[in-house]
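Me: I have a structure open and some questions about it. Can we go through them one by one?
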Amino acid sequence: MSEITLTINDKQVKGKQGDTVLEICQANGIDVPTLCHLEGLSDVGACRMCVVEIEKERRPVPACTYPARDGLVVKTDTEQVEKYRRQILELIFTERNHFCMFCEQSGDCDLQKLAYRYQMDNVRYPYTFPSLPVDSLSDYLVIDHNRCVLCGRCIRVCSEIAASHTLDFARRGWRTLVGADLEQPLGESSCVLCGACVQACPTGAIFSKLNLYKGKTEECQQITTVCPACGVGCELNVMTKDNNLVRIEAPRLTEPRGPLCLIGRFELLRQSSTEVISPLVRDKQGKLEECSLDKAVQAITDGLGSAKGEFAGIVSPRVPNETLSLFYKFIRKTIGSDWIDSTDGGSYRIISEGIRQFQNNVKGLNIECPIEEILEADCILIAGANPEKTNPIIGSLVRRAVSQRKAKLIVIDPSGDVFPLWTNLWLKPRAGSEGVLLNGLSNIIIDKGLAKQEKIPAEFLSSLGQYKMGELNRATGIEVERLELAAEVYGQAKRGVIIYGEDLLERKDPSLVTSLLYLAELTGNRVKDRLRVISLKRYANSRGAWELGLAVKGIERDKPKGLYLLLADEPVEEELLNWLEGIDFLVVQASYHSPVTSRADVVLPSLIWAEREGKYVTMDGRSVRLKQVLKPRDGMYQDEEILIQIAKKLGRRLSLS
Amino acid sequence: MAKVKVATTWLDCCSGCHMSFLDLDEALISLADVIEITASPITDIKEFSPVDVGIIEGAVGNAHDEEVAKKLRANCKILMVWGDCACFGGICTMRNLFTREEVLRRYYSTESTTKDSNIPSSEDLPPLREVKPVNQVVKVDCYVPGCPPSSKAIHYALAELLEGRIPILPSEIMRFD
């Protein structure tokens, strides 16, 4: 990019060819007011707040859409443009309901801030008072069209960042509204409830019921931490007031890992009344009764004796590495058992066995690429995963790649529920024929000469087995044309990314993972030393737990007699609940009461995500830090403290270091 | 030096701006040395005589409001308005989104606190009109927005006037809520 020189407010400034005048102003610390501009989104010049004077232009022009040129002479602060800006503000205020005293966003409103800046103490034009609808049917979001300035920030963030393409302008002229789909109520639309529009809205037109009247930004403490929900590891800006959660925002809304999802932005704010706040043990009648920690610890040590030698530990990967390693030591050393697992350890064992079969790989999980590669992809193959449900940010990255970068989306899934609006090519194999399908695709790719790997390992070729198109078609139930097309599209991709997840792992067949890895290897879909393959992980620290070796052996075989389950605030899965059936002595350390705690012999309290601190490893292997955003509730113990107390009672030493 | 004569009134409003004025507390005492309030809802004197500064709180919501605003304008050299209702229309304009009948029915029937739910009607009652900010009815010289304006903002505006300047609230003091 060639450098250009402009004169702005009589000063020489430099920029790049292709920059807008606004970008150059901002890069050089020249303050130009904006309203419809949001960094990271395209500019449309909707509000005209950023008008500037440019020599030889007959009229003021919006800086945000004006391409800078070499030699341009710009004035951003003349009396005339300041007058225009104030006039534009007055006109915006007359258009709809912009009376602040009954607006939730007062104090956090860009429009209001501009009015203060321009000392707008009166409006010289008559108001129009249109009576516009308010859509408050969604459980999460409200759109009050009366507060809207039609800047389009919500629309652009919805299409460019969330890639949901739900919001758009509806109607024409002064009747224009922001509409969801074809003016559906938001709650019934294609909205994914990521809440990016809430953050992007400069006024009180789109807001969330979960944030309502809890506090204004200036009254809040802000801490940047990481999302405790899934393995993507999104950064959260958590706002708190008086040790209560107020609002969660994305500190880097427009970056690949930036936008948040329904869980990160909204669900984490929900306060549950079912918190475990005190230890509980079963009394003689078999009823769970509150007790002191000491009594609970005693009950555990007694129970340990009865389950001697057959005691296991399971831990949720929602807790950070520090807690995980202490738990590992606790089970291995203090209890003296090697029965240890994470709640999603089964997935790990299939993935790691799949990788081992691929090339006796020593790099283990490092064979996978970072999630940013999804955005760069020209083809995405999804096998047995539903990212929009399990890891919504991966879902938005896929949608972005497809809608903005024209990536081709191939989905292997029998249900038809995966990216129903975005999939280019469906492959719906019969149950159990996934392996045949994957190896069949490899075979077709080799046959068509699309294999980029010069030397295809003989062992792999032999593992592919015999294949005939007709048989492949019969086994999978997929038409020959479809199979060929899928092989061609993926085989010709330069940056094809494979994403797989729980639905594939549920088959409990590591060779499916191996087949996917070979498919990527065969077509040369690598980025440096990594394959363009991503396995979705359900919990924030799934990978951390796996790397610490917590899930290596697992306890899938026989059931232990006694179990210590450190569940923390992980949502309870039916599967786990069923598995717990028949365990004689169950200790559950959890943040919330659930069917699992009501089955326990001893219940211990555990912190919630906001009270915890420590290291997480994201699903693609980045170390991130979970920070404490709320002080633990009165009388709460650190998760580790309880383990240390039990060890003490048993006469063992257990420490964090 | 003769005291500066001031007359205040309120129109369609909640009286919050006058309360904010009273919140000046001890500053009122020193203010009383330099200004004289000739008419005001606080003194309950409603007839205006010629003054230096007229002050209006509230929006114009009916013919009576308009008449009062015009009378005060005619009797003052400088007209200052207090509060979002007077500056912009404010919370009173909520009713502009509905017809007059809807507003009256809602007030006297559905949310009624009166015994008989009749909409009162009398020649003496000025009918409701579309709510307007004061500057759409008479010329206004200076504005102190806020709902209500802080006593700090009111004090700033009065002090500026006494210094012979037309006040425009600095951004740091200006608030719309």
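Me: What share of the 177 residues in chain B is buried?
Reply: The model is predicted. A residue counts as buried if 20 or more other C-beta atoms lie within 10 Å of its own. In chain B, which has 177 residues, the buried share is 39%.

Me: What radius of gyration does chain B have, and why does it agree with a compact globule?
Reply: The C-alpha trace of chain B spans about 55 × 35 × 30 Å along its principal axes. For 177 residues, a compact globule would come out near 16 Å, so the value for chain B agrees: 17 Å.

Me: In which pattern do the helices and strands of chain B follow along the sequence?
Reply: Start with the count: chain B has 6 helices and 7 strands. Among its contacts between residues at least 6 apart in sequence, 79% join residues at least 24 apart. Read along the sequence, the pattern is β-α-α-β-β-β-α-β-α-α-β-β-α.

Me: What distance separates the centres of domain 1 and domain 4 of chain A?
Reply: Domain 1 covers 3–77 and domain 4 covers 348–535 in the assignment. Taken over C-alpha atoms, their centres are separated by 46 Å.

How values were computed: Residues are numbered from 1 along each chain as its sequence is written. Chains are lettered from A and ligands numbered from 1 in the order in which they are written. This is a predicted model: local features need pLDDT of at least 70, side-chain atom pairs count only at pLDDT 80 or more; totals for chains, interfaces and linings use all residues. Helices (H or I, at least four residues) and strands (E, at least two) are DSSP runs, numbered from the N terminus. The radius of gyration is taken over C-alpha atoms; the globule rule is 2.2 Å times the number of residues to the power 0.38. A residue is buried if 20 or more other C-beta atoms lie within 10 Å of its own, exposed if 12 or fewer, and partly exposed in between; C-beta atoms are placed from the backbone. Two residues are in contact if their C-beta atoms, placed from the backbone, lie within 7 Å. Domain bounds come from an automatic or database domain assignment.
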